[in-house]
Amino acid sequence: MALPLLRWSCRRTPAVISPYFRFDRLVQNQPVTKSTKLKLAPIVAGRYYSSERRQYEKVVVVGIPNPVVWFRTRVYYFLIRTYFDKEFNIEEFTEGARQAFSHVSRLLSQCQFDALEGLVAKDLIGKLKEKCTDLPLSHKRALSADPEEIMYTTPGDVGIYYDDNGRKFVSILMRFWYLTSAHLPEDSMEGARIFKMAIGGDGEEAESKRLLTANYEFQREFTQGVTPDWTITRIEHSKLLD
């Protein structure tokens, strides 16, 4: 028997990970230095680059949220707070997910698959290892998202469901837009936006960066007696890891 407003049921068994978003032990004291502007519609996130000579270039990521999706996710947040976790806060979750994304993407780019244990579902680690091992070096570099290069983060789909044994789960899909200076072939990155930013002195060649996207799904089991941990059960980097 499923809860009302549920999108699907699931029979897979998620892996258990380290405590919920305790990624501060992995990414300690990372200052947030980027300038960000947020509105409901449109949503704008800005990142400013500067030099000692006060040269400024701004990259702006604009997204218009779907009103139906926006309303539906708010209903799910209400259900999560009412039936599962009274202290759930989507803003805190989003910040934790952003740190997790930066940390896990860096491990992926370095092919440190053993370090993903406890952070990423075990079955997913095996699939990622198969995909990442054969990637060109430039693509591996592009997987890594520096915290200061993450331009915009937003929640996507939210799901609440039971499996056949009555175990309760919540999943939240997070979408990320980030810049990379990795040199990628033009033909393999169709649709990726390219920006050039002058971050040096006068006369220096502008640095080119690409705006890439990634989707990470976080899942937590809320069955009574189970450790309240989140795990990453889905990782997609557009044009890199689909």
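Biologist: Which residues of α3 are buried?

Modeller: Leu124, Ile125, Leu128 and Cys132 are the buried residues of α3. Buried stands for under 20% relative accessible area, exposed for over 50%, and partly exposed for what lies in between (1.4 Å probe, protein chains only). Please note that this is a predicted model, in which local features need pLDDT of at least 70 and side-chain atom pairs count only at pLDDT 80 or more, while totals for chains, interfaces and linings use all residues. Residues are numbered from 1 along each chain as its sequence is written, and side-chain values use heavy atoms, with hydrogens and water left out.

Biologist: How do you know that the buried residues of α3 line one face of the helix?

Modeller: Viewed down the axis of α3, the buried residues fall within an arc of 100 degrees, so they line one face. The arc is taken from the directions that lead from the helix axis to the C-beta atoms. The face turned away from this buried side carries the exposed residues Lys122, Asp123 and Glu130. Among the elements covering the buried residues are α2, α4 (137-143) and β7 (230-237), where contact means heavy atoms within 4.5 Å.

Biologist: Which residues of α1 are buried, and against what do they pack?

Modeller: Thr73, Tyr76, Tyr77, Leu79 and Ile80 are buried in α1. These residues pack against α2 (90-109), β3 and β4. On the other side of α1, Pro67, Val68 and Phe71 are exposed.

Biologist: Why is the pair of aspartate 85 and arginine 220 called a salt bridge?

Modeller: The term requires a side-chain nitrogen of Lys or Arg within 4 Å of a carboxyl oxygen of Asp or Glu. The N to O distance between these two side chains is 3.5 Å, and therefore the pair meets the definition. Aspartate 85 lies in the loop between α1 and α2, and arginine 220 in strand β6 (residues 207-221), so the pair ties together parts 135 residues apart in sequence. Both aspartate 85 and arginine 220 are buried. The whole structure holds seven salt bridges.

Biologist: Why is glutamate 95 called partly exposed?

Modeller: Its relative accessibility is 31%, so glutamate 95 counts as partly exposed. Its salt-bridge partner, arginine 98, has 3.3 Å between the closest N and O atoms. Arginine 98 is buried, at a relative accessible area of 10%.

Biologist: What makes aspartate 163 buried, and which backbone nitrogen does its side chain reach at 2.9 Å?

Modeller: The relative accessible area of aspartate 163 is 10%, and therefore this residue is buried. Aspartate 163 lies in the loop between β3 (150-162) and β4 (168-180). Its side chain reaches the backbone nitrogen of asparagine 165 at 2.9 Å, and a polar atom of that side chain lies 2.9 Å from the backbone nitrogen of arginine 167. The side chains of arginine 167 and aspartate 163 also meet in a salt bridge at 3.6 Å, N to O. Salt bridges with shared partners join Asp163, Arg167 and Glu221 into one network.

Definitions and conventions
Helix = DSSP H or I, 4+ residues; strand = E, 2+ residues; numbered from the N terminus. Polar contact = N/O pair within 3.5 Å; in protein donor to acceptor, adjacent residues only side chain to side chain.
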